[in-house]
Amino acid sequence: MNRTTLSLIAGTAALAAITGIASLTAPGASGADTAKAAAELPVERTSLLCPAPSTSDLADTSYTSYTPVTKGTGSDGKAELQSAAEQSADGTGGDGTGDKGKKDKKSGTKDDKKKADKPVLTPQEPGKPVTGDTSGSDAPALVGTAEGRFAPGWTVQETTEVAAGTGRGLQGVNCTAPDTEFWFPGASTDAARTDYVHLTNPDDSAAVVDIELYGKDGSIESTVGEGITVAPHSSDPVLLSTLTDEKQTNLTVHVNVRSGRVGAAVQALDDKLGGDWLAASTDPAGSLVMPGIPKDATSVRLIAFTPGDADADLKVRLDSPSGRITPAGNETLHVKAGMTTAVDLGDITRGEAGSLVLTPTDDSVPVVAALRVVRGKGDKQETAFIPATSPVGTRATSADNSGKGSTLSLVAPTRTAKVKVTASAGSEGGTAVSKTYTIKAGTTQDIDTPVPAGLKGTYALTVEPLSGGPVYAARTLSATEDGVPGFTVQTLPDDRGTVAVPKADEDLSVLQK
């Protein structure tokens, strides 16, 4: 092997640490060699995108930023969250298609530009949350970048309270990293629903996106969703009902990026059942976990979709505090290829914490899935969504917690696991506190989370598995207003704080054999 090749490997390893690329495998190295050579290093740069929070004049939105303290980081770095420029794909105030499906945008002015240039919030130090807020219907999408010691595990929570009207209640979403593909089972074009797909482009070049819809009978033809151009540093909310005339109660939305990358999230607003954000499901897989169903859920609906050519047959199980349960009458689910399947599970949790687990009955077929969860009764109902998620991994982070309104749910589907949960210092004061918990195999626990000593303001939670099997997590925020049990659920996958990078000396010895 020549020096050019060796230099290329070293350069690629450095790039992985900077951008957070997944683990690298040296050509010719075995799995064992790679495991020995890989080192976990803190990422050096992270991007997060937050969708525009609401079109309601009665909306109040808060943003909470938090970076956990990570070993191996330097003393330098910065992070900031700024407004994305609200502009059209063709730069003229339209989207090039007569603004079909887009929310109204106001023309930009110099004052707007100055406002956009000012960060919504600027974190001061890792280990301490920072908050910012806005109100009204013109709050823009946000683009954030963290570097150096602020990058590993950087997490931003967007939480909105809407006092009345369509989608009233509590809406929350974790701001996400840009990507090139997203699946959203659980969207709808029903008459009572107003669902938008928010597309945010953080880069200097335009992104081109296709939005595909799949209903109970398969693909829904729509040329309007093809080739949507999202201008640089801008955000486009696309109304699903403008992409098709069909009224579908349960839809799967596929966002595929032809060029560039975007952040994507679905805002699902109901005339009677409130609303919330529907985050993307984890990548299609044969087994899925949807953690953190509230114990007082009055209605739970499972929506599933398989993107391949084969049907999927799945076992449906509920991991409760006492163990795994088979729901009566819903023991299995058949998902036809290319079609969205939905089943109502009723009040499946029966007053106990729960997580839904899907596993194949025979051959494993990749699927995506999500839950629509309703709390309350009559005209006092509120909705949230729980997409299938990946496990906590090395560490997961949840921002924007309070002493009374936060519930942390942990589930260990396969093997008993030991987990450390740390409550950070408060945004306005307090001292971090950690506790260790044991989650038995096949159970879900709503744990009594630690609260910072002398807490003032909001705080963050980090979840770190110490031993045992994989752990899945979700955090529920609750706030009752006028008898309506407002709530929002965010799943907690790995916070991307570290990346596996080959050790140069060991990799070279492997490659020179």
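This is a predicted model: local features need pLDDT of at least 70, side-chain atom pairs count only at pLDDT 80 or more; totals for chains, interfaces and linings use all residues.

Q: OK, is Cys50 buried or exposed?
A: Cys50 is buried, at 0% relative accessibility. Buried means under 20% relative accessible area, exposed means over 50%, and partly exposed is in between, with a 1.4 Å probe and protein chains only. Residues are numbered from 1 along each chain as its sequence is written, and side-chain values use heavy atoms, with hydrogens and water left out.

Q: Which cysteine is Cys50 joined to?
A: A disulfide links Cys50 to Cys175, with an S to S distance of 2.0 Å. The rule for a disulfide is a pair of cysteine sulfur atoms within 2.5 Å, and the count by that rule is one.

Q: Where do Cys50 and Cys175 lie?
A: Cys50 is in strand β2 (residues 45-50), while Cys175 is in the loop between β8 (169-174) and β9 (181-187), so the pair ties together parts that are 125 residues apart in sequence. Strands here are DSSP runs (E, at least two residues), as are helices (H or I, at least four), numbered from the N terminus.

Q: And Cys175, buried or exposed?
A: Buried, since Cys175 has 7% relative accessibility.

Q: What about the torsion about the S-S bond?
A: For Cys50 and Cys175 it is about 110 degrees, so the disulfide is right-handed.

Q: Switching to charges: how many salt bridges does the structure hold?
A: Twelve. A salt bridge needs a side-chain nitrogen of Lys or Arg within 4 Å of a carboxyl oxygen of Asp or Glu.

Q: What does Asp203 pair with?
A: Asp203 meets Arg261 in a salt bridge, 2.9 Å from N to O. Asp203 sits in the loop between β10 (193-201) and β11 (207-215) and Arg261 in the loop between β15 and β16 (263-270), so they tie together parts 58 residues apart in sequence. Arg261 counts as partly exposed, at 31% relative accessibility.

Q: Which residues form the negative surface patch?
A: Asp60, Asp133, Glu161, Glu481 and Asp482. Patch residues have over 30% relative accessible area and no salt bridge, with like charges joined within 9 Å and nonpolar side chains (Val, Leu, Ile, Met, Phe, Trp, Tyr) within 5 Å. Areas come from the Shrake-Rupley method with a 1.4 Å probe, and for residues only the protein chains shown count as cover. Lys and Arg count as positive and Asp and Glu as negative, leaving out His and the chain ends. Each charge is placed at NZ of Lys, CZ of Arg, CG of Asp or CD of Glu.

Q: Where does Asp60 lie?
A: In strand β3 (residues 59-66), and Asp60 is partly exposed at 46% relative accessibility.

Q: What's going on with the phi of Asp482?
A: It is positive, about 55 degrees, although Asp482 is not a glycine. Asp482 lies in the loop between β35 (472-481) and β36 (484-491), and is exposed, with a relative accessible area of 63%.
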